[in-house]
Amino acid sequence: MTNGWSGKILRVNLTAGTSSVEDSSKYYDYIGGTGFGDRIMYEEVPVGTKPFDEANKIIAAVGPNTGSSAPCSGRTTFTSLSTFTKGNMVVNSHMGGELAVMLKYAGYDAVIVEGKAEAPVYIKIKDDEVSIESAADLWGKSTRETAVKIQEKDGRGFTVVACGPAGENLVNLSCIINAANHSAGAGIGAIFGSKNLKAIAVYGTGAVHVADPKEIMKLNNYVMSDLMGSNNNHVVPSTERPWAEYYDPDSRWTGRPGLTWGAAEGGPVDTGDSEPGEINKFGYRCQKAFKDFGPESEKYTVKMTGCTSCPIRCSATVYLPELEKEGYVAAVSNTCMPNFMWAKIMKSYKDYVDEGDGKFYCNVAALSTADDLGLWDNYGELPNTVAYFMKNDLLKEILPKEEYDSLLWDKYEAGDPAFIKDIMTRIATKQGELSHLGDGAYYVNERYKDLLGGKYLNAVEMSIWSPLGWSKHHGNECNAQVGALTNIFFNRDCMCHTIVNAWGSGLPYDIKKSILEERFGEGCLDQPKNYTPMNEAKAKFAKFGVVRQTLHDSFTLCNWVWPMTFSPRKDRNYKGDLSVEAQYMTAITGEEWTEESLDFAAERVLQLQRAMSVMWMGTKDMRKEHDCVTDWPFDMEPDFKAFEEGTIKMDRDDMQLAYTMLYKEMGWDEKLGCPTRETLEKFGLNDVADKLASMNLLP
């Protein structure tokens, strides 16, 4: 046992039916989480392995900060191979909920799952007692049913992470879920299914050892009193408040007097005011149901919930009894795309209780169904694909007449969400040709290429960033080239909130500009829809974004809140503190860490990731083969030219310059975008450089 890390990795071999414990200290240079997962994949999974091959592995990993009580530290990273993009490269998926802390309490920094069971199983972990249990009675059940049945058998204290029917049926766009609604996507559900692994159940009774508990408590109070805002670290309220100098209607700091959790046990709870410094009112700041679903959701809101160690409580829990009558799980929670994406495939919505509440009910019904099935939306790509095929009358083209006619068109005409449930179920159980819409955008485009004629991947409404098949996740709308550049790193939607949290914090532009330029240089931040050509300051800002994201996903911390770039406090001139992660690392481990040394360790992980992508793609020319962008960011808004006020349209030549500047910042070959030997050796990745050289993949 060392401070922060547990010192142990659990390895479970499903083929042999065995488990063993190994020393995790050899991976400490990679921090944890993403870093552990990537390094283990690099060492143990041969280049060219396919996602459903027995040789592929699943690594679930946490970090030294997990379980330390630091705000928003309850994250787990799963690492495996992508099921849904060209090249099937290494990807990370990230999960909140309860799993991370429970793994740490059980005494593990990571769990490696390898091999394939002969029949359905689940892994049961109770501290150092590990067993592989039959899941024959769980196969085919929903994620929620699976968790309940395991807890009824093994004890309510177990945290269960499970795949649903989508994972069992090897649907590319599938996820795993713990604590009813916290998901990890990127096809990890299908990797579970390919190994006949239904679930992992964990119960830990141990503790997390830290070097300086008093300093950690001091840091917790400092972060919550002086630095942290609300979800996305929005540091101003959404409405005018007497204590606030600024407000922003787009802020997720929605709590205010008169806005309630209307369905709270014991009667409505007024969210009231939570002024900066009032730690005990922190959980009322974010009324996310109101933000996502609209005013009609207020009377159905039970509470805000969230992950272990998180004061933000950004996940909206709503209860809609009318849906229970129609066979849905009517009490659901979520915080992101499933809250508001699926209803777009409908042309109308039937009302349930009040006039105009149909869209709200429709989205909640779809959310309930997706979580049950373990169906992943890929940051909106799956509902966008279904909507695109319906809007353009393409279902008639791809489906046999009998299958097309069997869709619940009467429910569609009636605005009944049962139409969406049926679509989802067919995809999750691989029924008919329709199910291929769950293969992922790249494979959908390949399957129907002649029919789609290049329009599908390049459609603005699809928001597909890469021709390799991943979606935009805060791109050119978020500080132009800076947001765009973050989308080239992770072989999936980048999930990088470092930039959008700063860009969208709610503070006036001049304040944000002053604080950010102090760190990254003049010109790093543009006015919304008034973008300027690429410059070196933007490259530095983009690099910072992905380095901090990688740090957070390794440490672990929630990148939807961290880093603390800004503060809600006027007496700090709204300036945050970007050294806090290093202060935590020092207090946890007892070793001296600086902001620079911790960022360096995080960048080591990024450099390894890039090298692995080069290996898996088998090319040095990452600029041309990996970092390419679909056409829509450059062809959108045809009445505008790039850089005109009022548009987010990008310029192709300028984007190529952006790549060159970013490659320089990363120490990559400025023409090709691949790591150089010098850079890899700078980060202690000499063996990686040697392997690239042996594959003729060094520039």
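User: Which residue stands opposite Phe-78 in E5?
Analyst: Ser-93 of E5 stands opposite Phe-78. The model is predicted, so local features need pLDDT of at least 70 and side-chain atom pairs count only at pLDDT 80 or more, while totals for chains, interfaces and linings use all residues. Residues are numbered from 1 along each chain as its sequence is written, and side-chain values use heavy atoms, with hydrogens and water left out.

User: How many bridges pair E4 with E5?
Analyst: Strand E4 (residues 76–81) pairs with E5 in the antiparallel sense over 6 bridges. Helices (H or I, at least four residues) and strands (E, at least two) are DSSP runs numbered from the N terminus, and two strands pair if DSSP finds at least two bridges between them.

User: What is the strand order of the open sheet with E4 and E5 in it?
Analyst: The order of this open sheet of 6 strands is E2-E1-E6-E3-E4-E5, and its pairing is mixed. Strand E2 (18–23) and strand E5 (90–95) are at the edges with a single partner strand each, so one side of each has no neighbour in the sheet. From one strand to the next, the twist averages 20 degrees.

User: Which strands does H1 touch?
Analyst: Helix H1 (residues 33–44) packs on the sheet and touches strand E1 (8–13), strand E3 (58–61), E4, E5 and strand E6 (110–114). Its direction makes about 25 degrees with that of E4. Contact means heavy atoms within 4.5 Å; axes are lines fitted to C-alpha atoms, for helices over the stretch in contact, and angles run from 0 to 180 degrees between N-to-C directions. Helix H2 (residues 99–106) also packs on the sheet, touching E4, E5 and E6, with its direction at about 95 degrees to that of E4.

User: And what does H2 lie across in E7, E9, E10 and E12 terms, at what angle to E12?
Analyst: H2 lies across E7, strand E9 (159–163), strand E10 (176–178) and E12, and runs at about 65 degrees to E12. Those strands belong to an open sheet of 6 strands with mixed pairing, ordered E8-E7-E12-E9-E10-E11. E8 and strand E11 (182–184) are the edge strands, each with a single partner strand, so one side of each is left without a neighbour in the sheet.

User: Which way do E7 and E12 run, parallel or antiparallel?
Analyst: Strand E7 (residues 121–126) and strand E12 (residues 197–203) run parallel and are joined by 6 bridges. Ile-200 in E12 is the bridge partner of Ile-123. H3 lies across E7, E8, E9, E10 and E12, at about 140 degrees to E9.

User: Turning to charges, how many salt bridges does the count come to?
Analyst: The count comes to 44 salt bridges, a salt bridge being a side-chain nitrogen of Lys or Arg within 4 Å of a carboxyl oxygen of Asp or Glu. One of them joins Glu-133 and Lys-153, at 3.6 Å from N to O. Glu-133 is in strand E8 (residues 129–134) and Lys-153 in helix H3 (residues 143–154), so the pair ties together parts 20 residues apart in sequence.

User: Is Lys-153 buried or exposed?
Analyst: Lys-153 counts as exposed because its relative accessibility is 52%. Buried means under 20% relative accessible area, exposed over 50%, and partly exposed in between (1.4 Å probe, protein chains only).

User: What about Arg-548 and Asp-599, buried or exposed?
Analyst: Both Arg-548 and Asp-599 are buried. Their side chains form a salt bridge, at 2.7 Å from N to O. Arg-548 lies in helix H20 and Asp-599 in helix H22, so the pair ties together parts that are 51 residues apart in sequence.

User: At what angle do the axes of H20 and H22 cross?
Analyst: The axes of helix H20 (residues 536–555) and helix H22 (residues 595–617) cross at roughly 85 degrees and come within 8 Å. H20 is therefore roughly perpendicular to H22; angles under 35 degrees count as roughly parallel, over 145 as roughly antiparallel, 65 to 115 as roughly perpendicular and the rest as oblique. Residues in the contact include Val-547, Arg-548 and Leu-551 of H20 and Leu-598, Asp-599 and Ala-602 of H22.

User: Finally, how many residues of H10 are buried?
Analyst: In helix H10 (residues 381–391), 10 of its 11 residues are buried. Among them are Leu-382, Tyr-388 and Phe-389. The elements that cover the buried residues include helix H11 (395–398) and helix H14 (418–428).
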